[in-house]
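Please consult the sequence and the 3D view alongside the text.

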Amino acid sequence: MSSRLNLTFFAALAIQMLMIGATAAPLADGLNPMGDYEKMDKSLRNSLSSSSEEEIIPVIFQLNSEVTAEDLETLESFGASILGEAPLVDGGLLEASIRDIRIISNWERVEYLELDRILDFFYLPSEWGGDPITEPGILMHETTHVVKATDTWDRVIISPSGDIEYDSDLAFSEWDGDGTAIVDLDTGVDAGHPDFDYLEPWTGDKVIYSAKWDGIWTETRNSDTSSGHGTHVGGTIAGNGDASAGRRAGVAKGAQMVALGTGDGASIFAAEQGLEWTYSHSMPSQNQYHIRVVSNSWGTDGDYDPNGVIAQMTDMLTYDNGVAVIFAASNSGGNGGECSGGLKTNVYANTPSAISVAALTHDGTAVTSFSSRGCMNQQHTWPDVGAPGRDIWATAPRGTAIDASTKLQGDLYYMAISGTSMATPHVGGMAGLIIDIAPSLGVADYHRDDHDFGNSLVGGEGTAAYGQYENWNEENFTRVHELELILELTANYEGMANSCEDGNDDDACSDIPEQCYISETGQCHDWRVGHGLTNVDAAVALARTLQLMRDQDGNGIVDHPEYTVWDAWEIYEAMLDEQTIELDTDRVKHSWKGDW
């Protein structure tokens, strides 16, 4: 049984669908009266086969070129009501009867149709069961130190030339992400929390913009009024820790954040609209706030669908704008061998350009029982990296479903919950911090040419997952963001070879081979335990090495774009060293002086 919390109970709060009927347009000769199933995603096909012909359903449509006014009129003549636009994928949202959807699918202008449905958010109630400060064996309950973000914040970096580099002209460095904005695309954020420093649109010190989707993006201080999930996620990404005197700061504690709330009944279309907003505001020529990361702790189980709007937006953000797109792997556990019965990983995390995150235990030494593993013979379903996801303390929302369940934890401003939803914002914060100190990071000249060595749900029996593309090796289909490659190269794989948390009935981890699969990175990248614990400090060192190689004059202009992560890795391995440099650090301050 899946342990993730299904938010279908929010569905009643979603925007009520219009129920306007229409007379179906006649079918042209030779067209299939049952519809063109090749243009539909699996969920829509299932809906058409199991529901009444008169039932009204919401469908995301894509045309084969830009949507025109005449196109919208044609769709309406087929009986559809247009509910929203998605110009970046040449589509939008409509609703129509199943009978009319069949007709629409036969229209030559239609490229793809997918059922719009409620998404899952991957979190679980806390299982801490004790005082987090005095719990035996736990020295610190914040996980920023587990991923070594705390080491990074005050790291002095020595360049390949031997010069000592600081982040600013202060007496000490602060590599804390200040200068990069991270999009928290989720249920929203209670930006009134003291850790978020929200003032008004585009002027806050922390949350620079907060909005909720209600057909359009509407600015609001609290965009997380029902779930609370996004507020917790946002604190892990970039909360400044003001309500705890800095003790519970997020991974990128100095970064700016954009909070986009997809609404109470978050649907695929609302999420797509958030990705469209991110794309429009992260274009290289129009990116005033340096938006380079979007963190997504939502999705639904299934396999990679290259035609879906989320996969297409993920590719566009990565390849066009150099944005790191992070997705949770899902909380469905599994044993790696159930692909024929339904793949238990987040369909959107399986997109090659996305960075998929598994949940590790609180101390980062084992894979949690609930974290999805993927299918053992399909590498594109394996999580890419891992981060702590068990009992994660972060900002607490007010008056929400999560807040109501955590009142007994004894903290007004923070709470602990678990899930791949909680692991993912760790990596979102890392991405903001790393790209801030290495802004030249983009798409790696690296393909997952070892992606699948067995059967694939996408390509068919005995084929590679991307085998449907004849030119996959020359195009972007399996290329990854340089950030993903850096995180994989610098992750800690020691101690992970035989480490799985107890509690997964499907997978007792009793049959792990002594030697795991070695990927192109040279690291263990196994379906079950190969996603190592991300190490922010090491990743920053490698990323900064690459940045200095590309920008040798230090003027912010990339003079040598020919250098790759692999070139920097050679230098990194040859010169990696740690030195202790004494500095004056009496500048610690506590800035919050208000009430919540």
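Which residues are linked in a network of salt bridges? Glu54, Arg99 and Asp100 form that network. The structure is a predicted model, in which local features need pLDDT of at least 70, side-chain atom pairs count only at pLDDT 80 or more, and totals for chains, interfaces and linings use all residues. Residues are numbered from 1 along each chain as its sequence is written, and side-chain values use heavy atoms, with hydrogens and water left out.

**Salt bridges**

- Side chains of opposite charge can pair when their charged atoms come close.
- The structure holds 9 salt bridges, a salt bridge being a side-chain nitrogen of Lys or Arg within 4 Å of a carboxyl oxygen of Asp or Glu.
- One of these joins aspartate 41 to arginine 117, with the closest N and O atoms 3.4 Å apart.
- Aspartate 41 lies in the segment before helix H1 (42-50) and arginine 117 in the loop between strand E4 (110-115) and strand E5 (120-121), so this pair ties together parts that are 76 residues apart in sequence.
- Helices (H or I, at least four residues) and strands (E, at least two) are DSSP runs, numbered from the N terminus.
- Aspartate 41 is buried, at 5% relative accessible area, whereas arginine 117 is partly exposed, at 23%; buried means under 20% relative accessible area, exposed over 50%, and partly exposed in between (1.4 Å probe, protein chains only).

- Glutamate 54 and arginine 99 meet through their side chains in a salt bridge of 2.8 Å, N to O.
- This pair links distant parts of the chain, 45 residues apart: glutamate 54 is in the loop between H1 and strand E1 (56-63), and arginine 99 is in helix H3 (residues 98-105).
- Arginine 99 also meets aspartate 100 in a salt bridge, at 3.4 Å from N to O.
- Glutamate 54 counts as exposed, at 51% relative accessibility; arginine 99 is partly exposed, with a relative accessible area of 26%; and aspartate 100 is buried, with a value of 1%.

**Aromatic pairs and cluster**

- The count comes to 8 aromatic pairs; rings of Phe, Tyr and Trp (its six-membered ring) pair if their centres lie within 6.5 Å, and planes under 30 degrees apart count as stacked, over 60 as edge-to-face and the rest as tilted.
- The rings of tyrosine 209 and tryptophan 277 are stacked, because their centres are 5.5 Å apart and their planes stand at 5°.
- Tyrosine 209 belongs to strand E9 (residues 207-213) and tryptophan 277 to helix H6 (residues 268-280), so the pair ties together parts that are 68 residues apart in sequence.
- Tyrosine 209 is buried, with a relative accessible area of 9%, and tryptophan 277 counts as buried at 9% relative accessibility.
- Tryptophan 569 and tyrosine 572 also form a stacked pair, with ring centres 5.2 Å apart and planes at 15°.
- Both tryptophan 569 and tyrosine 572 lie in helix H12 (residues 565-575), 3 residues apart, about one turn of the helix.
- Tryptophan 569 counts as buried at 15% relative accessibility, and tyrosine 572 is buried with a relative accessible area of 9%.
- Trp213, Trp217 and Phe269 form one aromatic cluster.

**Charges over rings**

- Arginine 248 lies over the face of tryptophan 393, at 4.4 Å from the ring centre; a charge sits over a ring if NZ of Lys or CZ of Arg is within 6 Å of the ring centre and within 35 degrees of the ring normal.
- Lysine 253 lies over the face of tryptophan 153, at 5.1 Å from the ring centre.
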